[in-house]
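Subject: Structure handover and findings

Hello,

Here is the structure for you to open alongside this email. Please keep it on screen while you read.

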Amino acid sequence: MPTTVSVAAATRQSFGVMFNHSSKDAGIVRDLLGGSLRLAPHPEWQLPEVIDWRADPFESRNWRAQLHMLRWLDPLRRRAEKGDTSAGEAWLRYAQDWVEKNRPGTRAAPEAWLNMVDGIRALELCLAVPFVSRFHPKALDWLSDSIRTHADWMIDERHLGHSNHALHQHQALFVCGAVLEDPGLQSLAERRLAELFEASYDEQGINNEGAIMYHLANYNWWSMARRRLIAEDRPVPDRMKVLDEVPIELAHATKPGGKFVSIGDTDGGDASRVDHPAARWVSTMGADGEPPEDLIRIYDAGYVFARSGWGDQERAFADETFWSASFGSSRRVHGHVDGGSLTFSSMGHEWVTDPGKYQYGTSAMRDYCLDRASHSLVSIEDRPYSASSSVECIRQKIDGTSYDLTFKDEGFEDVTLTRRVVYSVSGEYLVIVDHVDADTEVTGVQNWQCGASTAVHQVSRGFELTGPENRKACVLYTGTRPQMSMAIGQEDPIAGWVATGWKTREAAPSLRFSKTGRRFRFVTVVAAGFRETTPTMETLKSAVPGQLRLRVDTGRVAEQIVIGPGTVQILGPNEEMGAVVHRSTRTGAPVLNPLSRKTRQRIFTETRTARDAARGEGSAGSRRAAADRLRAVLASYDVRDGLDLGLQAAISDLTGVSHAGLPRKEIRRDRPGLINWDNNPAFRSTQARVPMVSLHGTDENPPPLTTDTLVTYALGSLVLPSLVLPGHGDTMTVMLHTAVDRARVSLPLFQRVRYQRELAAGPIVAFGDPTLDLSRELRLGWYLGNEEVDLPRAMSAVLQRLARQLGTSKFVIQGGSGGGFAALQVGAHIPGAHVMAANPQTDLRKYNVRAYRAAMIAAFGIKDASRSPQLLSRVDAARRIIELNSEMSISMVMNTGDLYHQRNHAAPFKEALKDSQGVNLMDVNVDLGPGHKGLNNAQYGEIMNSIYSRIGSES
């Protein structure tokens, strides 16, 4: 007797990654009706009149399984729903033929009733019920019977698979229950789904299958399962809420090139079809969406993802540095035996990679991809590795200067491997220290699998790497000399290959360092060069036993890294040990809490009082004494991430620290002294190397300024630096900088001043941002000041006083990104000001959380200004303009490829000011490509000259 079915339930369940209507359906159906079937990634196959369900044209289990899933029929079903008679008849012909020839217990094809294959096919049959009921009702008899057969088959636990195979079966059983109107089937499926989800996901939202592509696939499949429960008004297990964390993990697992890191059975892939702000951000290379909050994410299931940035601070997303580490269990469905393996991408190229999937099934290349020998880790020759081993992350210490992690691997019998991975946040390179400890003599091999399109040149200390566009990197060793070798495109034994897709591969260098003994170590530096610079590494002598001291120069940053037992210290390239005083010198000192109002008041009072006292007493001895008092205050705290609220800056002021004699590449995160206490004309402290005049407050006038001069203003707990370049003309150009790379740029920063001078448009005043003095790790301060000092207000007072002295009557205030926000804030205080804001943030609350929160904590001692009415105008430029009833003109220069800033900043800013009578706002659109990018000099000059022409500047 035919089984009754619910058309309504089948209609409700007609969705899913594999079952949604597509614009490609018509073309696929045309091919199918023409006798052509393509089951990706395999070639086309000519469909015979009558299908041999045991056909195996490509000798592929994957192809045979896909044939029996019948999901290749779904475009026919979808077109049939729209009235395509030929498509519907073809679906019925093929589906009924399969049903008649592959019943359980008969001579069905071997793949016909494989787990997962059965579930996907059951869904296909269920979703056909609506069109069959409407156009071919007589066919419902055999169709409904087959749905019942599939349900009965999947009820039997002996037929169940595991992991995602079981998921497809449970999901299908639930849909069968809905279509067959069988509550018992639905309840059984719900229970199985809940149990499987509990076993498949941890509390961080990480799936247990061991491959990033399968993290994506399972997210899609489980999201569909959740949606199917909701469609039938069934309860969703609370545990499934962790699915909402998966898109953030996928964003973290995305390399700067926009593709997933190839951990486990992953060959490329991306998050472009995931509807989540973080996924959109990485898929559009920073043009749209929202970046995740943190730069490093460590997942307990066995993944470390870290990067230099998200392309959100005027550095291209593709040029950021990214690295990953894999650890945890070796028994993961789609994972590899890769515990401790690393990848490394930087400056637009993947230098160290994982080999990828290549295929399922067996082949020499597949075996190589699964083997430790193809991953960037240490192996022991001629010793088997336990397939049940688990690599532990036994130590992690993350701060603003370095990431320091240690992994322990006991997978080789009687051998312990420990891998310490240290990443310099400022230098963006890795130092890897691998220890081998064995009971008997062994040969250890440290392998580095390079990415495709990488050329390698062996040098005395390792290997120099060259990528596309002459990009440079290195893999260098220090310590005792290892044996070095390299393989590329080798067939016997296979080595030096990476998978690029299904059964496709590309030769890529595999680099090897090897040593023999019972106890030994490898110390290796992996670094990428800036632009076309080849990185260098030099080993320095250390006075402390067991301490590793290196000088690394990437062309972008030159620095020392000092690695001791449990410690990492980053110094300038020629800086002596002990010069850095940011860490507490008193054991057990309390952590300096920047959110504590009491702590902030104490420190700001101390720094303000020290500067005032030094100014009043006037002697070098009194300044040294004041500096000593501040050092004692600093030593009374454990300062984390350099967030000392300006103590070190005040010490530098009191002691007259000078960077004037340092080479340009000698970068110090702490700024020099910015107060010329005696107004000595010979005093120089910054790399600008110009005379300095220091004033107390904004009410004092500097002496006549006839030459380039650094004028600094003591504003209590902050010191405002301004570089004044006199010139002829009636227009003063004010320059505000963007985010600062603290590893590459010394403070104070005066950005694009040299090029602005070439425009010959009159006097120039460039401001550095003293907000950055509050934390040596802060990159973007937006010229906020702190709770005591409203910097835009103070800067406007300084500018109007300077304008009277320099004889100017017009102001053009310019800045990009964070500097653009500050330009709007400062311009709001100056009647008649002209502001050029390039891709600015306009409301900091709508910017990425990481940068916003860091600035709020440093500047105001809060995490969010939304509930602080007195601060709202300081974080919202439109609100400030409206409150002051400002009269100003604004050239809003926006990159058409920066959808994030267009949508979240430019559009609401313009909407907020549409009724402001005193604001003349002009749109200037430029095409800089996708993402948040700054103007080059030529573009900047063209826009600025157009502003000077419009306002009638005279030079």
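Below is what was found, from the whole chain down to single elements.

This is a predicted model, in which local features need pLDDT of at least 70, side-chain atom pairs count only at pLDDT 80 or more, and totals for chains, interfaces and linings use all residues. Residues are numbered from 1 along each chain as its sequence is written, and side-chain values use heavy atoms, with hydrogens and water left out.

**The whole chain**

The protein chain holds 25 helices and 35 strands. Both are DSSP runs, numbered from the N terminus: helices are H or I with at least four residues, strands are E with at least two. The radius of gyration is 33 Å, close to the 30 Å that the globule rule gives for 955 residues, so the chain is as compact as a globular protein of that length. That radius is taken over C-alpha atoms, and the rule is 2.2 Å times the number of residues to the power 0.38. Along the principal axes, the C-alpha atoms fill a box of roughly 105 × 75 × 50 Å.

Of the 955 residues, 60% count as buried. Buried means under 20% relative accessible area, exposed means over 50%, and partly exposed is in between (1.4 Å probe, protein chains only). Take contacts between residues at least 6 apart in sequence: 66% of them join residues at least 24 apart. A contact means heavy atoms within 4.5 Å.

**Strand β13**

β13 covers residues 430-449. Of its 20 residues, 14 are buried, so the strand is largely enclosed by the rest of the structure. Which strands pair with it? β9 (residues 378-380) runs antiparallel to β13 and is joined to it by three bridges. Two strands pair if DSSP finds at least two bridges between them. Val378 has Gln446 in β13 as its bridge partner.

β12 (residues 415-424) also pairs with β13 in the antiparallel sense, over nine bridges. Here Val421 is partnered by Ile432. The hairpin of β12 and β13 has five residues between the strands, and Glu428 takes a positive phi near 60° in this hairpin. β22 (residues 510-528) is antiparallel to β13 too, with 16 bridges. Asp437 has Arg519 in β22 as its bridge partner.

**The four-strand sheet**

This open sheet runs β23-β24-β25-β26, with antiparallel pairing. β23 (536-540) and β26 (567-571) stand at the edges with a single partner strand each, so one side of each has no neighbour in the sheet. Neighbouring strands are turned by 20° against each other on average, direction ignored. Five bridges pair β25 (residues 558-564) with β26. Gln560 has Leu571 in β26 as its bridge partner.

A second open sheet has the order β27-β28-β29-β31-β30-β32-β33-β34-β35, with mixed pairing. Its edge strands are β27 (692-696) and β35, each pairing on one side only. The twist averages 20° from one strand to the next. β32 (residues 810-816) and β33 (residues 833-838) pair in the parallel sense over five bridges. Gly816 stands opposite Ala838 in β33.

α19 lies across β28 (709-714), β29 (719-725), β30 (731-736), β31 (764-767) and β32, running at about 150° to β30. Axes are lines fitted to C-alpha atoms, for helices over the stretch in contact, and angles run from 0 to 180 degrees between N-to-C directions.

Ser796 sits in α19 (residues 791-806). Is Ser796 buried or exposed? At 4% relative accessibility, it counts as buried. Leaving out residues up to four places away in sequence, Ser796 touches Val826, His829 and Ile830. Val826 is 30 residues from Ser796 in sequence, yet 5.8 Å away in space, C-alpha to C-alpha.

**Helix α24**

α24 (residues 899-912) has 14 residues. From first C-alpha to last it reaches 19 Å, close to the 20 Å expected at 1.5 Å a residue. The expected span is 1.5 Å times one less than the number of residues. A kink of about 30° lies at Ala906, shortly before the proline Pro908. The bend at a residue is the angle between axes fitted to the seven residues ending there and the seven starting there.

Tyr900, His901, His905, Ala906 and Phe909 are the buried residues of α24. They pack against α13 (277-283), α20 (818-827), α23 (877-884), β34 (888-895) and β35 (919-926).

Best wishes
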